[in-house]
Amino acid sequence: MELFLQAASVAFLPSAIGAVGLGVLIGLIFGSIPGLTFTVALALALPITFSMEPVAAIGLLLGTYIGGMTGGSVSAILLGIPGTPSAAATVLDGYPMTKKGEASIALGTAVIVSVFGGIFSLIVMIVSVDLVSRLAISFGPAEIFALVLFGMSTICGLCGGSIIKGLISGVLGLMMMTIGLDEIDGVPRMTFDSVNLLQGVNLLVAMIGLFAIPFIIEVATQRMDVAPTRVAKIRAHLPSLNLLWRKVWLMVRCSVLGTGIGAIPGTGGAIASFLAYDHARRFSKERDSFGKGNIEGVIAPETANNAVTGGTLIPLLSLGIPGDPATAIVLAGLMIHGITPGPALFMQHATEVYGMYIAVVIAYVWVLALQLVGIRFFVHVLKIPRELLAVAVLVLCAIGAYSIRNSAFDIYAMGVIGVLAYVFVALRVPITPIILGMVLGPTLENEFRTAMMLSGGKAGIFLTSPIALLFFTLALLVIGLQVVSELKFRRNPQEKVKA
Amino acid sequence: MKFTYRIRGAVTAIAAVALVALGGAAKAEFPEKPVEMTVLFGGTANTIAQLLSELMSDALGQPVVPVSRTGGGGAVGYSHVVGTAPDGYNIVWNSNSINTARHTGHVPFDYSAFAPIARVSIEIPALAVNASTGWTSLADMAEAAKSSDKILRVGISGKGSFTHLTSAALFDAMGIGDKVAYISYGKGKAPVELLAGRIDAAIQWPGQFKSYVEAGDLTVLAVTGDERVAILPDVPTAMEQDVDVNISMWRGLAAPAGTPEDVVAKLAAAAEEAVDSEEFQKAAGNIGFSPAYQGSEEFGKLIAKDDKFYGDLLKKLGMAM
């Protein structure tokens with residue numbers, strides 16, 4: 001308790017609260033603008049923290065991380081272009097809601113459930129950091145492979161009408177991620193002796209191309225006299241508490257899921273949000289309205305991806321392992337202030353740890369305040385004529401694609417992938433599975449190969465672990481159910497008009 | 001003010017390109033515009049680079065802007081810098097990766113395409129095992145490995161990575177080179193895998209093991225440099241244990257070959273001032289690297305010596321092109 005009060009006295013200093021607020025603002029801006037991501041924001045914020053007090057410095061970084069995570073939903077909902085990979089699943093129902101004129105409801109819901117998920121996971125983390133980190137250790141390569149394979153099975157739920165088309169898209173995503181220098185064997189693959197291809201296809205670059213370029217091409221080829229699908233009146237309605245209360249059980253389940261996945265190193269926000277989306281769809285009473293603007297399709301991924309923030313803090317603090325590039329930068333910020341994560345952290349730096357917990361809560365208060373005020377302004381983006389918006393988006397995306405790795409090659413890569421995505425959209429092939437394949441592909445492959453090396457080439461390693469078997473069974477179940485329902489649909493197409 | 005500069009400098013490097021295009025006309029004293037420092041890796045490399053560039057900016061009077069160009073084991077960044085003008089405004093935060101990138105065939109040029117500026121830091125790898133093995137020295141480990149049919153599983157970052165090369169050299173010198181199998185993990189996961197008992201040993205940076213050693217979960221048997229490391233002062237070097245291995249990773253600065261000597265000297269002086277600063281020394285202790293400034297000429301000799309060493313090692317491992 002004494003330690004807590006000591007931490008509180010540091011964390012509630014105006015300078016610390018201000019630093020967290022600044023971080024949240026930076027994160028929100030970078031997260032909400034398509035093309036700019038919070039990983040870039042964190043990299044820029046890191047040097048400012050060198051000369052700050054430890055708690056304020058960590059607060060700034062955590063604020064940026066959390067602000068970025070919640071900001072990603074803004075452009076996902078308003079423009080159908082996710083600001084971060086973690087928000088890619090939010091597009092599926094968030095953007096249709098905007099088309100129905102419910103943008104502000106979707107945005108408001110996203111913010112509130114984000115805060116719910118974030119605080120929930122923080123509490124789980126504080127209470128059970130020891131237990132969860134011990135569980136996380138038991139996830140070896142074979143177990144992570146099984147978990148990620150289970151994640152892949154959610155492709156089934158993202159296919160729209162046709163499993164075949166969904167698989168084409170998903171496999172293409174997997175194939176794209178094999179380009180580049182293979183880390184395990186140190187061998188270049190599919191690079192055709194090009195140094196630029198040696199760096200591989202960046203996930204964020206591909207994501208910008210996949211979602212933003214089709215939007216831009218569509219606007220450019222539209223006849224100017226055709227009225228765009230825009231709502232005449234834009235009001236900043238917020239979701240009613242009653243509506244949210246009815247979904248609280250879904251929010252709890254998605255928070256647990258997000259926290260759990262966040263705690264396992266090598267996974268992250270994108271996997272969690274897709275699994276949560278699939279979970280919500282599968283157990284929803286109004287399953288057919290998913291993809292057409294069902295609010296549950298916003299609640300599930302947004303709760304889960306913010307619950308990941310608390311989850312990733314578990315291996316970060318207790319084991320010193322960053323779960324993704326963003327937390328790797330937070331880790332650097334901790335280390336430079338002499339706070340070395342690991343088993344000894346909670347004894348040596350208890351004050352700073354408590355200070356971090358408080359900073360996370362403060363960050364979410366800032367998120368709530370800034371976003372709820374911001375929604376009033378965000379929705380006005382929809383009033384901007386689409387042709388002007390498209391130009392702005394194109395410029396931002398080019399800057400964003402370049403800034404991730406400071407590589408002009410990435411701007412071209414974004415263009416090529418974007419044109420491909422436009423063709424896919426025209427052929428009614430879903431593009432979300434590409435993202436899923438790209439997010440999961442490298443983990444899937446690396447963990448499989450590492451597991452095989454561990455076992456000396458014997459595949460039995462996957463069948464002797466109960467955790468792995470559990471996830472294999474779940475994956476089989478998901479695929480089996482989908483095949484059955486697809487066969488049913490083929491036999492009686494009139495039963496469901498639009499699957 | 002500093003922050004707004006950074007956003008401009010690092011995010012929209014388009015502006016920087018424009019600056020380069022406009023600024024080349026008049027010849028004045030170096031530096032008259034920002035210096036771009038290409039960073040090849042994330043993690044510790046990036047953190048040190050950000051701190052170094054901040055401190056060098058103070059010394060030079062012009063901003064040094066760290067720009068991350070990762071990928072291909074450094075090949076992407078090296079290729080970018082090789083293609084820039086040798087005027088000192090484009091430098092690279094380099095490491096032993098220049099030797100390995102060349103010998104594995106990822107870049108078509110070698111270290112001589114760069115003018116060495118200065119060595120800045122070194123990091124010394126450490127070999128850790130699970131405390132439950134009871135091993136306390138390299139001899140214990142070698143004996144256990146030799147007397148058993150079991151193959152030891154050793155965690156590395158990836159084939160051809162620095163941790164792999166160090167492991168290979170160390171286990172060869174210990175005479176158990178044929179008793180180990182290498183398991184490639186991504187970066188940073190080795191301590192957990194050791195803890196969980198999925199691997200028997202791993203070579204990583206001392207900073208990653210420190211907390212576990214204090215908690216009594218892992219034992220560090222040796223460090224592979226010629227001196228002990230400050231954060232694990234009780235751990236002897238391999239040479240103290242009669243195993244003839246001396247490998248450490250250096251990081252430093254280089255510019256494209258042909259950069260004028262006075263420009264190189266100015267950059268080296270700025271780097272020296274940064275390394276000597278209290279802030280840099282303190283960060284070194286926290287992050288777990290050793291500040292090790294070395295001037296241009298000596299640094300060049302070190303790179304040339306290492307080039308032969310890593311070339312031979314990679315050839316032995318069948319990875320050289």
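A crossing of two helices is left-handed if the near helix is turned anticlockwise from the far one by less than a right angle, and right-handed if clockwise. Helices (H or I, at least four residues) and strands (E, at least two) are DSSP runs, numbered from the N terminus.

## The model

This is a predicted model, where local features need pLDDT of at least 70, side-chain atom pairs count only at pLDDT 80 or more, and totals for chains, interfaces and linings use all residues. Residues are numbered from 1 along each chain as its sequence is written, chains are lettered from A and ligands numbered from 1 in the order in which they are written, and side-chain values use heavy atoms, with hydrogens and water left out.

## Helix pairs in chain A

Helix H14 (residues 296-319) of chain A packs against helix H15 (residues 325-336) of chain A at about 40°, and their axes are 11 Å apart. Axes are lines fitted to C-alpha atoms, for helices over the stretch in contact, and angles run from 0 to 180 degrees between N-to-C directions. H14(A) and H15(A) are therefore oblique to each other. Angles under 35 degrees count as roughly parallel, over 145 as roughly antiparallel, 65 to 115 as roughly perpendicular and the rest as oblique. The crossing of H14(A) and H15(A) is right-handed. In contact (heavy atoms within 4.5 Å) are A:Thr312, A:Leu316 and A:Leu317 of H14(A) with A:Thr327, A:Val330, A:Leu331 and A:Leu334 of H15(A).

Helix H12 (residues 248-263) of chain A and helix H13 (residues 269-282) of chain A have axes that come within 9 Å and cross at roughly 150°. That makes H12(A) roughly antiparallel to H13(A). Their crossing is right-handed.

## A sheet in chain B

Which order do the 5 strands of the open sheet in chain B take? The order is E7-E6-E8-E5-E9, with mixed pairing. Two strands pair if DSSP finds at least two bridges between them. Strands E7 (180-184) and E9 (218-223) of chain B stand at the edges, each with a single partner strand, so one side of each is left without a neighbour in the sheet. The twist averages 30° from one strand to the next.

Helix H20 (residues 432-454) of chain A packs on this sheet and touches strand E6 (152-156) and E7 of chain B.

## Nonpolar cores

A nonpolar core is a set of buried Ala, Val, Leu, Ile, Met, Phe, Trp, Tyr and Cys residues joined through side-chain atoms within 4.5 Å. Buried means under 20% relative accessible area, exposed over 50%, partly exposed in between (1.4 Å probe, protein chains only). The largest core has 189 residues, and B:Met56 and B:Trp93 have the most contacts inside it. Helix H4 (residues 54-79) of chain A gives the most to this core, with 14 residues.
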